[in-house]
Amino acid sequence: MTVESKKYKWVGTSPVRPDGNDKVTGRAKFGADLMLPGMLTGKVLRSPHAHANIKSIDTSKAEALPGVKAVITSADVAELESEWVPAGELQLNFRDLAHNIMANGKALYDGHAVAAVAATSAAIADAALDLIKVDYEVLPHVIDVEEAMEADAPVLHADMFTDGVTPKPTKASNIFKEVDIAVGDVEAGFAKADLVVERSFKTAPVHQAYLEPHAAVASFSEDGQAELWCCTQGHFVVRAYCAKLLGMDIADLRVTASEIGGGFGGKTTVYLEPVALMLSRKAGKPVRAVMTRDEVFRASGPTSGAASWVKVGVTNDGTIVAGEAILKYQAGAFAGSPIQPGCMCAFAPYDIENVKVKGYDVVTNRSKVAAYRAPGAPISEHAVESVIDEIAKKLGMDPIELREKNAAREGTNAAYGPKFGVIGFADTLAAAKAHPHYSAPLGPNQGRGVASGFWFNIGGSSSATVNVNEDGTLALATGSPDIGGSRASMAIMAAETLGIEVTDVRPIVADTASLGYTFLTGGSRVTFATGMAVIEASKKIALELRERAAKTWDISVDAVIWEDGLAKPAGANAGDFEPLTLADLAAKANQTGGPISSAASLNAEGAGPGFGTHICDVEVDPETGAVKVLRYTAVQDCGQAIHKAYVEGQIQGGAAQGIGWALNEEYIYDEKGRLDNASFLDYRIPVASDLPMIDTVIVEVANPTHPYGVRGVGEVPIIPPMATVANAIDSAIGIRLTELPMSPPRVLAALDNGS
Amino acid sequence: MAKIHVTTTINGEPVEFLCEPQQTMLDVLRDELRLTGSKEGCATGDCGACSVTVGDRLVCSCLMLGAEAEGQEIETIEGMADGDTLHPLQQKFLEEAALQCGICTPGVLIAAKALLAKNPDPSESEVRYWLAGNLCRCTGYDKIIRAVMDCAADMRGA
Ligand code: FES
Ligand code: FES
């Protein structure tokens, strides 16, 4: 259901994706699908300990094994300066990255890479790993975020002295930094409140759980140039990180993004890619490295587990007068949890005069977190949206009306700083309230919940090229890996801009040597930012085509317009010449100046914030504590849907991941700090029989900075589900659950305790 | 250890290959026969990305040994289209946007085809339970389930 629609030829429709055929026939090449002649198999030896000093590594037996062509350890990885660089919504430290791809002196989590081999077969590589002798001195470990913050906790990094506190501490700790956000005076705000609710929450670390394990094929030449093929959300970012880690010139490394089997933020950094390159450099042969599922869970980034405390004050009429939160996020083994966006998003949906948020970025002995859809926001907003629901129930107010009363609107000063421009939060609330789902009857043991979510969305650097082929069809290239149908959206925007058939545009994802820098696919930025580059490049083509027509007709370019895919004489010359099609102009290109092509590179600013409001019905089985999601509706302001079906798909997929986060998913560690459920059997993501259909409502409040009004879609939908489900469970059984996942044993225990 | 010689039929074609005794059918398909349409999501039978049919049975090829292919009729995603005509399920998946990243798609299509061969008129919940062994992390399953049901309806009508 689309609430608002404009008159476009292609924008907002759902043509078959141009890369679809290859994906339904098995032809599409994903990360692990490339084979090169003479290719070796790369494998990684990983620490079985959560925290251990590496006293020595003896690789001599492995190196002597016939068929082994290269062995590397941290001795092969150059030591880098501690240097923070922006990485999308997060920050990245190069020294830590080097230490994460190969443990340096200390293994910091179960699964931390300590050595790698390249061999002529997988069996030989496995045998070689068995022959590497690592002498570990096991250290006490800590995984829980609050335990890691205690004064006597085992310290992961002897040089970590908390940032953001004055004076700077003299004792090392696991708290990398503290974040503070404050507006107004919360004490004064709470003093005015008629009702104050405060609650503590815990959320488990959850994995992005993309179906495709990380994979990379690296091939180094004798002259120091290299090619890399890998499944990544950002091959330009991979190029930058790998060049840094290997001490290469960026020009010497060409990275091709394979088809990518899901990422959700988890494929925005590097793990195997530099290792495969180092092995290839040492062996002088191509190397393919692919993670097992066990390695994906143990060694690649999940998101933070967290402990949160939230306090909200309202007056009796439902006006929120103060909001306060303390958020503690696990970063994993190296600093850099999504605490900053977590703090910024916590109260962002609401217009509140007095807000105070304190955040802690805490290292613990588990794999370094990676971005996961709206990194940080689902955790803090789950806590706030749960408390908002509790307030609505205590005030006897409809939870959507309470949100409407306090919703951020155009001109509201967001607690994290800026003043909102045109935003569609209130529109999502109105659409949710009007949806038949919201007033449908419920049965026994059933309950309904609602919750909302906010995410910034980002812009950033993108490039696109358009080449007009000799027959007038178009080759469109961008640098954005297509993770969920974005090539289709790019073709739509080019076709719309030029007024041509969408099937006349063939979009590809080009390698890093073929067009300008393009930041990774993440932050819901591709349709917005790369879309702007595509529109810009298409406009340049339109201008060029007008010039070619002007030349053909020997009139001024100002007297030619481009309309509905045709060059037409206009003004005084209107009607003087037969309009020319793209095919006509392409056929004559050599007579009018040569091939017709364009390129656009830009840094897109003005990303439009996104809001969503979800409704969920659950049934709680009082015997088992199992929660069944009966009905689910997700409303979201997308600005403008470009490819409608893939916008719906993003919303449905995000909601499903959120339901998994709410009900099933968690990292479980044994007493030694080893991950106990590193498989899809034990780490249970939602399966088809767990879910109902997920109804979507696309609200379109255009983002004024994008030519077609795009805001971005992919991240908002994972934010509301955890609170939506928790609020529904509370409605069903009258018990507020504050710990995720709300798995059957936890629900059953709550039912037994009556709290 | 000596390799095993296997004679089998894959997508209607006679095929011979040599494999290690412990080599899985998935590894044989991908690494020996270069049929990389079958995907490895887990190698433990939990994700369904490697689904193939052996005779009329739907199996996870990661749980089958290459040697077990002897004398069997195996179908993989590469054999699903008929020449240049997509199978109705493949066509429906494209039209209804039932794939996002597409890594689960080969396995889902093979499993859905096996379902429709057994039950041409499945209910929504029958489709959901049949496909419960095929994980998809991108779509939330909504469009997959709809595509399978819509395709089943078309095929019944045809
Ligand atoms: S790879 Fe066979 S079930 Fe996952
Ligand atoms: S479409 Fe990505 S896993 Fe199903």
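Mentor: A:Lys168 is partly exposed, at 47% relative accessibility. Buried means under 20% relative accessible area, exposed over 50%, and partly exposed in between (1.4 Å probe, protein chains only). This is a predicted model, where local features need pLDDT of at least 70, side-chain atom pairs count only at pLDDT 80 or more, and totals for chains, interfaces and linings use all residues, while side-chain values use heavy atoms, with hydrogens and water left out. Residues are numbered from 1 along each chain as its sequence is written, and chains are lettered from A and ligands numbered from 1 in the order in which they are written.

Back to A:Lys168. Its side chain meets that of A:Asp163 in a salt bridge, N to O at 2.5 Å. The term stands for a side-chain nitrogen of Lys or Arg within 4 Å of a carboxyl oxygen of Asp or Glu. A:Asp163 is partly exposed, at 31%. Over all chains, the structure holds 52 salt bridges.

Next, A:Asp126 and A:Lys43. Their side chains form a salt bridge of 3.4 Å, N to O. This pair ties distant parts of the chain, 83 residues apart: A:Asp126 sits in helix α4 (residues 122–131) of chain A, and A:Lys43 in strand β1 (residues 40–46) of chain A. Helices (H or I, at least four residues) and strands (E, at least two) are DSSP runs, numbered from the N terminus. A:Asp126 is partly exposed, with 36% relative accessible area. A:Lys43 is partly exposed too, at 24%.

Then take A:Lys282 and A:Asp76. They form a salt bridge of 2.9 Å, N to O, between their side chains. Here the two distant parts are 206 residues apart: A:Lys282 is in helix α8 (residues 272–283) of chain A, and A:Asp76 is in the loop between β3 (68–72) and β4 (84–87) of chain A. A:Lys282 has 46% relative accessibility and counts as partly exposed. A:Asp76 is partly exposed, at 29%.

Some charged residues join a network. Salt bridges link A:Arg199, A:Asp389, A:Glu390, A:Lys393, A:Lys394, A:Asp730 and A:Arg736.

Now the interface. Between chain B and chain A there are five salt bridges. In one of them, B:Arg137 meets A:Glu665 through side chains, at 2.8 Å, N to O. Helices α1 (25–32), α2 (88–95), α3 (105–118), α4 (124–130) and α5 (142–157) of chain B each give at least two residues to the side that touches chain A. By class, that side has 20 nonpolar, nine polar and 14 charged residues. Ala, Val, Leu, Ile, Met, Phe, Trp, Tyr, Cys and Pro count as nonpolar, Asp, Glu, Lys and Arg as charged, and the others, Gly among them, as polar.

The contact takes 43 residues from chain B and 53 from chain A. Contact means heavy atoms within 4.5 Å. About 4,000 Å² is buried between the two chains, 60% of it on carbon and sulfur atoms. In chain B, B:Leu94, B:Gln100 and B:Arg137 lose the most area to chain A, together 21% of what that side buries. Buried area is the accessible area (1.4 Å probe) that two parts lose on being put together, summed over both.
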